[in-house]
Amino acid sequence: MVEWLDPLLLARWQFGLTTLYHFLFVPLTIGMVILVAIFQTAWVRTAKLKYLHLTRLFGKIFLINFAMGVVTGIVQEFQFGMNWSDYSRFVGDVFGAPLAMEGLLAFFLEASMIGLWIFGWDKLPAKVHLAVIWLLALSTTLSAYFILAANAFMQNPVGFEINEELGRAELTDIGAVLTNPVALAQFPHTIFASIMFAAVVIVAVAAYHLSKGQYLDEMRTALRFGLIVNIVAFIGVALSGDQLGLVMVQTQPMKMAAAEALYQTTAGASFSIFTWGTPDGSSELFSIRIPYVLSFLSTHDFMGTVEGINDLQAQYQVEFGPGDYTPIIWVTYWSFRWMIGLGALAALVSAVGLWLTRGGRTPTRDWVWKVAIWSAPVPLVASLVGWIFTEMGRQPWIVFGLMLTEDGVSPGVTGLEVLISLIAFTLIYGALAVVEFKLIVRAAVDGPKDWSKYSENADSDDDGSAGVDPARLATVY
Amino acid sequence: MDLAYLWFGIVGVMFIGYFVLDGFDFGVGMALPFLAKDDTDRRVMINTIGPVWDLNETWLIVAGASLFAAFPYWYATLFDGFYLALLLILLALIARGVSFEYRRLGKSEKWKRWFDGMIVVGSTVPALLWGVAFANIIQGVAIDETGTYVGTLFDLLNPYGLLGGLTTLLLFFTHGVQFTALKTDGELRERAQALAVRSGLLTIVVAAAFLVWTIIQHWTVPHIAVLVGFAAAAAVALIGSWVANRLGREKPAFWLMTATIGLAVASILAALFPNVMPSTIDPAFSLTIENAASSAYTLEVMTWVAVVMTPLVLLYQGWTYWVFRRRITRDSIPVAAH
């Protein structure tokens, strides 16, 4: 067989690409629904039109994005069986449960509420319609929890025992699976990171309109709101990330060693911001280092001992037999740095933005707005490289310590079949990405539709509060 | 292992839910070129399923996840084995799903035609392939001793499989046309009523052939009476639905077709029982309810989740349909999109 038709390699590329692609849409869905729900709450409570404008504008962006999240999500569930059927056989008894719970507890609710929210503006009382978007936010967040609990099992298998006769892992404690320490840290980390991305999208849209001098009332509110939310969410990301790091050292020490490319077990280990070394990473030519920080990140003790790759590799060979148990070091090393660096950069931009807009000031320099607009993708890229780090750092395992990735691939699927699906997904995803991006940009640039002409008393009311005829708000496909 | 039999039933009910609900979505999508005279008609039809298509499609996700949780070996063999067929279904569902939302966001005629086309194709392909897949499951496929399907996509396109595909295609088509009649008004509603009578007749002929063939294939199974009972009830409901259409009674026609699809899936499950994926190579390689199931503990956990959640899920799904109970008329479609 031709080497590039290797079903394992192609299946890995396909899973990686389709999952990252799916995750292009997930953070904006999770984050934006919460922020839109806040705008809508403000609208219902104050009847100020600017909040309706913000709800509708960012609600529209949310929906364009949501559609992509839904359709690419089905692929995710199918792929476990399609491309990783031996993995599914091995872990299905454990892994299937959180997925089925996600469906019954979260997806049904989410799918009901999305329809009610889109089409319910004129059919539901305002407060019920508001409750619908909060239920939508709840279900989206809940689904994130279950899928992260499933993923946490792959990082740190708990709550199971191996049935030797059937050759599979069997669930023994669903509570342990759902309270996996990796999931408990990963969940807030992911949710806060998602809120960061939604917040900077709001900042970017606001910055665009403010730089054009339009929709000032709405966009000033949106700008400050987005900046503050982004900084608060960053604090959440940092704290939960710290927790996740500690858990990782305990459950997957190799991943932390690979994150730093630390070959020798070291006490008081330094953290390198940048390293230039030989391509295999085994010897370094130049680096910028902060002393003791790696030890502190790993153990919360500046003199703590961090296990190195060489020791872990030797230890795993004793435990699991001959083999290479090291992830690809340059991938884990750089993805870990880019994740942290980009996340911090996004927060820094917001902090500067808060300073520039303090006390009602409006920046006049064009570049300030440009920075705000162009930094929108930064937290998203940070999330994506974070996932690359998490999943590549787990290699060569598909379930850490239990099953190797190469043993999980579907035995009945040929390399050619995977190649066909990989090409098909790439083409349709690529085309849809272009369409989706254009639609979001257009919606953002168009700005909010003005509802004041439909409001009952917009002229008479100087605080901008007004009622709007619900029939006018109806959505029709 | 008694819970495994319960879960065979639960998974079956979930697929019934999926085929009934997303079935008429597919039908509405496939019927667009047959029923809609202009863009307003197309928008009326799309709006009949607009608030619910995502909810209906979610039944597939939940059914798939339940299959994974309750019958991991069935899930693994089916999804690995029917790889290319499922790929086509996925691509179709992707194309259809984005089109509902994105169609309205462009103003040019070309943009709308493009997404209309994706809705039609994206509805037709799954409507056909689900039937092909399920017909092959009950007929049995080449499964080796490791539980791996060793055939190709083209082996699935055998006469019985294709007849199964045609059956679901026509059932869903007619159901969608009936749904259009039920949810619209005026000329569109009248056209839908007339089309349901014509397509219903074809559906009866094809579905009857499929059911008879299925019965003949399974004549020797011990519980043949159950299979024949479900199949006969499905046939009666299907004919009843057609008669109701002729009499212009939209509601009974729609509900009898719902019963038809449910009973047809029930007869498929009866034909399978106690296998879930019979092997044509050697019956010893067949996946059965017992050897494909999860452990007793997992099934117990899942049963509790299902017992607690199902009433709640049905309640708010029912409420969603109730909120959108009104017929969609041409007057309710604004002239300019927004």
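Me: Why are H3(A) and H3(B) called roughly antiparallel?

Reply: In this predicted model, helix H3 (residues 85-119) of chain A and H3(B) pack at an angle of about 165°. Angles over 145 degrees count as roughly antiparallel, and therefore H3(A) and H3(B) get that name. Their axes are 6 Å apart, and H3(A) passes H3(B) in a left-handed crossing.

Me: What classes of residue make the contact of H3(A) with H3(B)?

Reply: That contact has 14 nonpolar, eight polar and two charged residues.

Me: How do you know that chain A and chain B touch, and how many residues take part?

Reply: Residues are in contact if their C-beta atoms lie within 7 Å. By that test, 62 residues of chain B are in contact with 57 residues of chain A. On the side of chain B that touches chain A, the elements giving two or more residues are helix H2 (39-49), helix H3 (53-70), helix H4 (72-81), helix H5 (83-102) and helix H13 (296-323) of chain B. H5(B) supplies the largest share, 13 residues. Sorted by class, this side of chain B has 41 nonpolar, 15 polar and six charged residues.

Me: Which residues of H1(B) and H13(B) meet?

Reply: From H1(B) they are Leu3(B), Ala4(B), Leu6(B), Trp7(B) and Ile10(B). From H13(B) they are Ala296(B), Leu299(B), Glu300(B), Thr303(B) and Ala306(B). By class, the contact has eight nonpolar, one polar and one charged residues.

Me: Why are H4(A) and H6(A) called oblique?

Reply: The axes of helix H4 (residues 126-155) of chain A and helix H6 (residues 181-211) of chain A cross at roughly 135° and come within 9 Å. Roughly antiparallel would need an angle over 145 degrees, and roughly perpendicular ends at 115. H4(A) and H6(A) are therefore oblique to each other. Their crossing is right-handed. On the H4(A) side the contact is made by residues including Tyr145(A) and Leu148(A), and on the H6(A) side by residues including Phe187(A) and Ile191(A). The contact of H4(A) with H6(A) has nine nonpolar, four polar and no charged residues.

Me: How do you know whether chain A is as compact as a globular protein of its length?

Reply: Chain A has 15 helices and eight strands. Its radius of gyration is 24 Å, close to the 23 Å that the globule rule gives for 477 residues, so chain A is as compact as a globular protein of that length. The C-alpha trace of chain A spans about 80 × 50 × 45 Å along its principal axes.

Me: What does the same rule say about chain B?

Reply: A compact globule with 338 residues would have a radius of gyration near 20 Å, and chain B has 20 Å, which agrees. Chain B is built with 13 helices and two strands. Its C-alpha atoms fill a box of roughly 60 × 40 × 35 Å along the principal axes.

Me: What makes the bond from Gln395(A) to Pro396(A) worth a note?

Reply: This peptide bond is cis, with omega near 5°. Most peptide bonds are trans. Pro396(A) is in the loop between helix H13 (378-392) and strand E7 (397-399) of chain A. In chain B, a cis peptide bond joins Phe273(B) and Pro274(B), with omega about -5°. Pro274(B) lies in the loop between helix H11 (250-272) and strand E1 (275-277) of chain B.

Definitions and conventions:
Residues numbered from 1 in each chain as written. Chains lettered and ligands numbered in written order. Predicted model: local features only at pLDDT ≥ 70, side-chain atom pairs only at ≥ 80, totals over all residues. Contact = placed C-beta atoms within 7 Å. Helix = DSSP H or I, 4+ residues; strand = E, 2+ residues; numbered from the N terminus. Nonpolar A, V, L, I, M, F, W, Y, C, P; charged D, E, K, R; others polar. Axes fitted to C-alpha atoms, helices over the stretch in contact; angles between N-to-C directions. Parallel < 35°, antiparallel > 145°, perpendicular 65-115°, else oblique. Left-handed = near helix turned anticlockwise from the far one by under 90°. Rg over C-alpha atoms; globule rule 2.2 N^0.38 Å.
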